[in-house]
Amino acid sequence: MQKRHEFESYSEITPTARIATETHGWRAKCLQRLVRLDLPVPRTVALPFRTVRAIAQGYMPDTAALLGLFGAGQLISVRPSSQNTDWGGPGTMLNIGMNDDAHARLAAQHGEGAATRLYLQFIQAYATHVARLDPDAFEATGRDEAALKMALRVFEDEMEEPFPQEPARQLAEVLRSMARAWEGTSARLLRQAKGAPAEAGLGLVVQAMARGVGQGECGTGVIQFVDSATGRKQVTGRYISQAQGRAALSENGGAIYLTRDPRGPSLQERCPEIFADLLRHGAACRKRLCEEMQIEFTIEGGRLWVLDAVRAPRTSRAAVRIAVTLAEDEVISRRDALLRVEPRALSELLHPQVDAAAARDVLARGIGASPGAAQGRIVFTSSAAQASESRGEACILVRRETTPEDIRGMHAASAVLTERGGMTSHAAVIGRGLGLPCVVGASAIRIDARDRSLTTADGRVLHEGDVITVDGTRGEVLAGAAKLLEPALDGVFRTLLAWADAVRDIGIRANADTPADARIAREFRAEGIGLCRTEHMFFEDDRLTVMREMIFADTSEDRRAALDRLLPMQRDDFIRLFEIMHGQPVCIRLFDPPLHEFLPHGREGLRQLANALDKPLSEITRRAEALAEFNPMLGMRGVRVGITLPEIYEMQARAIFEATVEASRRGPPVVPEIMIPLVSARREVEMVKSRIDAVAAAVKVAQGCDFDYRLGVMVETPRAALRAGEIVQHAAFLSFGTNDLTQMTYGLSRDDAGRFMNSYVQQGVFSEDPFHILDTDGVGELLLLGAERGRRARPGLTLSICGEHGGNPESIAFCRNAGFDYVSCSSFRVPVARLAAAHLALQEPREKRPESWSESERISDPLP
């Protein structure tokens with residue numbers, strides 16, 4: 001005997017019924033809104049979460065009484081109604097109540113064929129999803145009376161009882177099956193992966209069937225009023241005669257066009273009044289529900305029924321246009337428009353993307369380290385990439401892993417694929433900075449550099465010159481040239497970000513190393529450059545040889561002579577940066593990497609260097625070996641180079657100051673920001689500051705003019721964060737380099753952590769990859785300590801982060817709450833950061849900004 005609950009277990013959906021998304025799910029609430037709009041919705045009953053939980057535990061409402069609400073002989077459907085559309089639910093069950101009597105009655109009314117088709121479909125669905133029988137046993141070869149009898153016989157053989165004829169029992173079994181499916185382990189894990197809490201509930205919606213088969217015009221369809229790919233206004237959808245349910249819409253037979261079309265019949269021509277009603281219903285939904293909706297409808301004997309309405313599916317491109325258009329039409333506010341667009345979704349608008357409708361022949365999968373897609377011929381060396389670029393051919397640079405020597409090849413390539421690496425590997429960081437699609441950590445591929453070939457996991461072998469497509473958004477490598485969609489940096493995109501700038505309350509700068517990077521930063525409305533890595537300027541062909549001469553110089557005078565040749569090159573770089581940024585702040589990090597990164601690898605490279613420098617190969621080899629370090633990231637780099645070889649920082653400071661004078665003469669005044677990398681002690685800052693101040697004084701005298709500059713520290717070591725109170729006595733700002741700070745806090749190599757990081761995350765050792773998502777507990781505590789101690793010692797101290805974390809919405813939230821002045825990220829992540837900052841300001845407004853905030857940096861146009 002079935003157990004029953006004493007509480008009210010269901011409610012008919014009426015305009016005044018107590019239906020809420022939190023108790024009945026999104027579908028039940030949406031249907032109530034459609035009823036309130038006076039749309040022709042069939043009679044519907046909603047079962048709340050608590051009732052469905054009770055059903056799963058063995059309790060059952062009075063299904064006979066529930067069916068009585070619909071009248072004798074009425075077929076019904078049951079649909080899931082979770083709290084969030086993304087959380088899914090069991091499949092819809094149609095035509096509950098179909099039995100031998102209903103079959104005979106429908107056959108008399110609408111014909112034997114229509115009745116048999118409905119009954120057979122119900123038996124197949126019930127057997128598969130409710131009785132859990134093998135679906136292959138019910139694969140009918142036809143839809144006639146013989147197929148129906150065969151299905152009934154198979155069911156009886158498998159279940160050892162006839163197919164249930166009582167509608168109340170059918171409904172009870174369907175409700176029990178759907179309730180228990182929701183509570184199953186697999187379903188729970190799937191929805192939790194989509195963000196659902198463990199205790200998320202399921203509602204069920206029981207609705208009178210509108211039959212799409214029978215006499216007169218009958219059929220089923222969906223219609224929406226915007227294009228899902230672009231968001232532009234367009235009537236689109238699908239309608240099939242003599243069919244019912246969304247599943248039927250995937251079939252080819254019977255489909256006609258919705259709007260008039262010279263290629264064939266259309267619903268607009270066949271049923272003009274119904275088509276006009278659909279347009280009217282769509283407009284009502286848009287205005288009253290404040291959303292572009294997709295309407296599921298059925299036509300029964302020439303009468304229109306609206307069964308359901310869901311948010312129209314859309315790409316990220318379409319989402320931006322829809323949100324902005326709704327706001328411009330005053331359907332929603334600008335605030336709502338901003339909050340409806342997920343910040344990370346903007347990445348898809350900034351780069352070409354693989355067309356979602358195109359076929360995908362996946363060769364390999366890895367980590368999508370830099371979004372976007374590109375196609376080209378495979379090359380395995382940087383020199384081959386440069387040669388390909390000179391011929392005007394697009395190429396994909398394929399490497400086991402990239403090094404600083406590959407910078408020129410990466411500039412020449414359309415995309416990068418590496419066998420090793422993670423989200424903060426060299427290829428990933430540079431790829432994001434260049435806006436270059438990049439897939440790293442494709443560990444299933446095998447690269448043979450000698451044979452210049454790539455072997456995939458399924459045994460396919462690709463050679464240099466073969467065409468592939470790299471999808472950095474999804475982390476996939478595709479065979480051939482896949483169809484691409486162009487970036488969508490149109491007026492709608494710019495409008496949305498202008499609204500974001502009007503409300504955000506934290507600054508957004510860009511990491512930019514070259515004039516090309518700076519131009520992109522300006523295009524994306526960055527408020528300055530937060531990190532300019534000067535070492536990247538030395539890898540150009542005309543500079544690399546001079547740089548190597550400086551490295552192999554025997555005396556300080558010889559080093560200065562080589563650096564004097566680099567000085568005008570650096571000065572010109574900075575002049576161009578300052579002019580492009582047009583008075584906006586530019587933070588220049590002094591030389592950071594270990595010197596051995598500028599040396600060639602392999603004996604042949606050393607031989608060529610010996611010839612270029614006119615030195616014996618033995619001496620070049622000996623000096624190269626002397627520069628090698630066991631752990632170069634913790635060796636002589638950053639400020640340690642600047643102190644042991646002060647000529648380098650002095651040359652860079654002179655280039656910055658001379659460029660400041662020249663750029664200020666040509667345009668608005670420039671106040672450069674100079675940042676010392678890898679500091680761990682106050683004395684390091686004192687020594688570098690004294691030399692830079694001396695260079696500044698000399699330039700002022702030589703140029704006959706005055707200028708201002710700001711000196712700061714890049715906090716990358718735990719000790720620098722802990723001793724920030726001492727360090728800021730000689731620094732006007734602290735910028736936290738979270739890439740190295742994370743590496744040193746964890747004792748992890750960011751280039752090697754990818755080998756085990758997935759396992760660590762899956763086993764719960766780390767909640768996320770700390771190189772991808774800022775560790776707010778450990779690394780974050782160092783940031784808070786450094787910020788608090790720094791500002792206590794120096795009120796008004798400017799605080800920022802400039803690591804790869806700077807573009808993540810989670811990191812921006814942390815920095816905003818900590819009172820940081822700005823975040824700096826790669827240029828192509830600036831739009832994402834601008835929108836994420838606006839979301840935070842709208843959702844968690846703060847009363848006042850830090851005292852060091854520059855009001856001139858804000859856009860004054862308020863939201864209405």
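Q: Helices (H or I, at least four residues) and strands (E, at least two) are DSSP runs, numbered from the N terminus. Which helix gives the largest share of the lining of the largest cavity?
A: Helix α17 does, with 4 residues. The structure is a predicted model, in which local features need pLDDT of at least 70, side-chain atom pairs count only at pLDDT 80 or more, and totals for chains, interfaces and linings use all residues. Residues are numbered from 1 along each chain as its sequence is written, and side-chain values use heavy atoms, leaving out hydrogens and water.

Q: What makes a space a cavity, and how many of 30 Å³ or more does the structure hold?
A: On a 1 Å grid over the protein atoms alone, a cavity is a set of points where a 1.4 Å probe fits but cannot get out. The structure holds 8 cavities of 30 Å³ or more. About 110 Å³ lies in the largest cavity, where a volume is the space filled by probe spheres set on points joined across faces, edges and corners. Its lining has 13 residues, and closest to the centre are His 411, Leu 434, Asp 513, Asp 517 and His 536. Helices α16 (407-412) and α17 each give two or more residues to that lining.

Q: How do you know that Arg 79 lines the second largest cavity, and to which class does it belong?
A: A lining residue has an atom within 4 Å of a point, and Arg 79 is listed with Ser 77, Leu 94 and Glu 296 among those that line this cavity of about 60 Å³. Arg counts as charged, as do Asp, Glu and Lys; Ala, Val, Leu, Ile, Met, Phe, Trp, Tyr, Cys and Pro are nonpolar, and the others, Gly among them, are polar. The lining of the second largest cavity therefore divides into 5 nonpolar, 5 polar and 2 charged residues.

Q: What makes a space a pocket rather than a cavity?
A: A pocket is an open set with protein on both sides within 12 Å along at least five of seven lines. The largest pocket holds about 1,100 Å³. Of its 48 lining residues, His 426, Glu 597, Met 633, Arg 750 and Asp 751 lie nearest the centre. Helix α29 (738-746) supplies 5 residues, the largest share of this lining. By class, the lining of the largest pocket has 14 nonpolar, 19 polar and 15 charged residues.

Q: Which element gives the most to the lining of the second largest pocket?
A: Helix α6 gives the most, with 8 residues. This pocket has a volume of about 920 Å³.
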